[in-house]
Amino acid sequence: MTEFKFSKRVPADGTDAVGAILKAAADPQIISFAGGLPAPELFPVKEMQAAVDLAFEEHGQEAMQYGAAKGVTALREQILEHVKQKENVTGELENVLVTTGSEQVLDLVGKAFVNPGDTVLVEQPTYLCALDVFKSYGADFVSVEMDDDGMKMDALEAALKANPSTKLIYTVPNFQNPTGRTMPADRRQKLAELAAKYDVLVLEDNPYGEIRFAGQHVPAVKSFDKDGHVLYMSTFSKTLAPGFRLGWLVADAKVVDKLTVLKQSADLHTDNLAQYAVVEFLVHNDLDAHVKEISALYGKRKELMVEGIKEYFPAGVKYTDPEGGMFLWVEVPGVDDTVELFKQCLEHNVAFVPGDPFFAGKPQPGAFRLNYSNAEEDKIKAGMKQLGEALQEAVK
């Protein structure tokens, strides 16, 4: 039997806890709030089919040929206009890189900036796939405490002082994954100021920001950036089509150039047909109206989930009440093992994602993430009752 000598970047066997959880949650008997999927019934299938037809008619040869590593020029122009209108972020074509999903941005940034032993500051908790990526490049994590308004700036500055060689700050300021929390404008401005003061990069991850169903829009951290310390990333996965795998980065031209070289080594370029299809979709359709429809549905589903928490969960349970996005966060006091709690809830035919993988350090017992975007209303009502019953038994 061959013994394969994998690199240190490959996780050890048995570490894919999330994969095992999602596999268990995929049982058709289980009402699952575990995944992070958009609602497929809102995918603009007919409109996108027409956009693909137009892409072939207008750009058939270009779509089928090798393309530019930085992306289709027309799409990069649309992205520039989009971030200018939505986030007050300005730039030129040289500042935009189209990627194969936002996950590729994480990987390219990790590859470009993180050496083994470098410090990366992250929210506590934070997006688990970002932890996986940065860990694969040898990052040492320092977690920064959050409150209901996201990352605390006094805690961030304390972490920067204690770790003067910090290479990167990673943040999801809008409807954060996993908590659903949103950072207010004054903290965003302070974050940009701290990045400049301590000469450290910020990777601002904004996949959910447009899906707002309550409250007021908050401008991007990047909009407060005066000297290029903030790298802004987003995606079409939550607003159009996750299967197209289209993300993007807006950053200093020097950063974009370096990441483009690394991207060429990874996939040469992102799928041309998907890029041209989105170009045509944006020209011939109202993306804002489509996102408004998504937001309305998710807001309704979130309200149903919160109502279920209030009605069925044990007293003393804490939860976030997001103004947008796809997730909320639950903290159940008196629970020592969240994975064991997950198993108990499976017996009640309901699933969530335990909070443990979202922590860079010691996890918080009894914390877990719920997804409401991909759950139909009757499933939310039934599932929250079943989840409440399981939690009532667990905390007795």
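Reader: Which residues of H2 and H9 meet?

Author: This is a predicted model. On the H2 side the contact is made by Glu47, Met48, Ala51, Val52, Leu54, Ala55, Phe56, Glu58, His59, Glu62 and Ala63. Their partners in H9 are Asn272, Leu273, Tyr276, Ala277, Glu280, Phe281 and His284.

Reader: And how do the residues of that contact divide into nonpolar, polar and charged?

Author: Eleven of the residues in the contact of H2 with H9 are nonpolar, three are polar and four are charged.

Reader: At what angle do the two axes cross?

Author: The axes of H2, residues 45-64, and H9, residues 272-284, cross at roughly 125° and come within 7 Å. The two helices are therefore oblique to each other, and the crossing is right-handed.

Reader: Moving on to H4 and H5: how are they oriented to each other, roughly parallel or roughly antiparallel?

Author: Their axes cross at roughly 30° and come within 9 Å, with H4 covering residues 101-113 and H5 residues 128-136. An angle under 35 degrees counts as roughly parallel, so H4 and H5 are roughly parallel to each other. Their crossing is right-handed.

Reader: What meets what there?

Author: Glu103, Leu106, Asp107 and Gly110 in H4 meet Cys129, Ala130, Val133 and Phe134 in H5. Of these contact residues, five are nonpolar, one is polar and two are charged.

Reader: Which residues of H5 are buried?

Author: In H5 the buried residues are Leu128, Ala130, Leu131, Val133, Phe134 and Ser136. After H5 comes glycine 138, which has a positive phi near 90°.

Reader: What about phi at aspartate 199, positive or negative?

Author: Phi of aspartate 199 is positive, near 50°, although the residue is not glycine. Aspartate 199 lies in the loop between H7 and strand S7 (201-205) and is exposed, with a relative accessible area of 59%. Asparagine 349 also has a positive phi, near 60°. The loop between helix H11 (338-346) and strand S12 (350-351) holds asparagine 349, which is partly exposed at 34% relative accessibility.

Reader: A change of topic: why does leucine 287 count as buried?

Author: Its relative accessibility is 9%, and buried means under 20%. Leucine 287 belongs to helix H10, residues 287-312. Leaving aside residues up to four places away in sequence, leucine 287 touches His82, Leu240, Phe281 and Leu282.

Reader: Finally, the whole chain. How many helices and strands are there?

Author: The protein chain has twelve helices and 14 strands. Buried residues make up 52% of its 396 residues. Among contacts with a separation of 6 or more, 76% are between residues 24 or more positions apart.

Reader: Why does the radius of gyration agree with a compact globule?

Author: For 396 residues a compact globule would have a radius of gyration near 21 Å, and the protein chain has 21 Å. The C-alpha trace spans about 60 × 60 × 50 Å along its principal axes.

Technical notes
Residues are numbered from 1 along each chain as its sequence is written. This is a predicted model: local features need pLDDT of at least 70, side-chain atom pairs count only at pLDDT 80 or more; totals for chains, interfaces and linings use all residues. Side-chain values use heavy atoms; hydrogens and water are left out. Axes are lines fitted to C-alpha atoms, for helices over the stretch in contact, and angles run from 0 to 180 degrees between N-to-C directions. Helices (H or I, at least four residues) and strands (E, at least two) are DSSP runs, numbered from the N terminus. Angles under 35 degrees count as roughly parallel, over 145 as roughly antiparallel, 65 to 115 as roughly perpendicular and the rest as oblique. A crossing is left-handed if the near helix is turned anticlockwise from the far one by less than a right angle, and right-handed if clockwise. Contact means heavy atoms within 4.5 Å. Ala, Val, Leu, Ile, Met, Phe, Trp, Tyr, Cys and Pro count as nonpolar, Asp, Glu, Lys and Arg as charged, and the others, Gly among them, as polar. The radius of gyration is taken over C-alpha atoms; the globule rule is 2.2 Å times the number of residues to the power 0.38. Buried means under 20% relative accessible area, exposed over 50%, partly exposed in between (1.4 Å probe, protein chains only).
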